[in-house]
Amino acid sequence: MTDNDPHSTNRLLPGVLSGLVAMVVGAAAYGAFLGFSGYGLGYATVGVGVLVGLAMIAVRPTSRVLPPLAAFFSLAGAVLGQIAGDTIRWAQASGVDYGTAAGEVLGPFPQQLREQPVWILFWVIAAYVGFGFVNSRVKSARQALAVSSLPQRDETEYVDNFAPRKQA
């Protein structure tokens, strides 16, 4: 392997770790926003995807595994944020502890998804945003590494492009 080999420095582990941290932070922020403000703003879900995508591209990844992981982390962060926000709202409204409220929220959660499928739309958009950020970064990084690994012509060597070439 050469120094410019895209597989030698694919930054998979830092990308996964930064994505996981961003997923948890994004889910907590979205859950807190949803729980304490009472507004179910779907665009905030997309913010989870943006946060995951930006965190994962910050480590300059080249691994092709990271874009699908970014989509998964964005989707999971959006779902966890929705559950956390609903749990906070339930606990505040009923006066029970958060563990009991989480159980009360998770029970009817599939039924709520059937009643409000727009949640799924925003979750998919968040996953697409996370995937898009990381995928574009991985593609550009891999192209840059591939170009830099091509043999370059020595600039001191004179080449006459107008001279006839020998026919084989």
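This is a predicted model: local features need pLDDT of at least 70, side-chain atom pairs count only at pLDDT 80 or more; totals for chains, interfaces and linings use all residues.
What share of the contacts in the chain with a separation of 6 or more comes from residues 24 or more positions apart? I looked this up and found 75%, with contact taken as heavy atoms within 4.5 Å.

Residues are numbered from 1 along each chain as its sequence is written, and side-chain values use heavy atoms, with hydrogens and water left out.

Next I checked the fold elements. I found six helices and zero strands, in the order α-α-α-α-α-α; helices are DSSP runs of H or I with at least four residues, strands are E runs of at least two, and numbering starts from the N terminus. Of the 168 residues in the chain, 35% are buried (under 20% relative accessible area, 1.4 Å probe, protein chains only).

Then I turned to a helix pair. The axes of α1 (residues 12–37) and α3 (residues 66–94) come within 7 Å and cross at roughly 25°; axes are lines fitted to C-alpha atoms over the stretch in contact, with angles from 0 to 180 degrees between N-to-C directions. The two helices are therefore roughly parallel (angles under 35 degrees). Their contact involves 17 nonpolar, nine polar and two charged residues; Ala, Val, Leu, Ile, Met, Phe, Trp, Tyr, Cys and Pro count as nonpolar, Asp, Glu, Lys and Arg as charged, and the others, Gly among them, as polar.

Last, I followed α3 to its end, where Gly-95 comes next with a positive phi near 80°.

Terms used
Angles under 35 degrees count as roughly parallel, over 145 as roughly antiparallel, 65 to 115 as roughly perpendicular and the rest as oblique. Buried means under 20% relative accessible area, exposed over 50%, partly exposed in between (1.4 Å probe, protein chains only).
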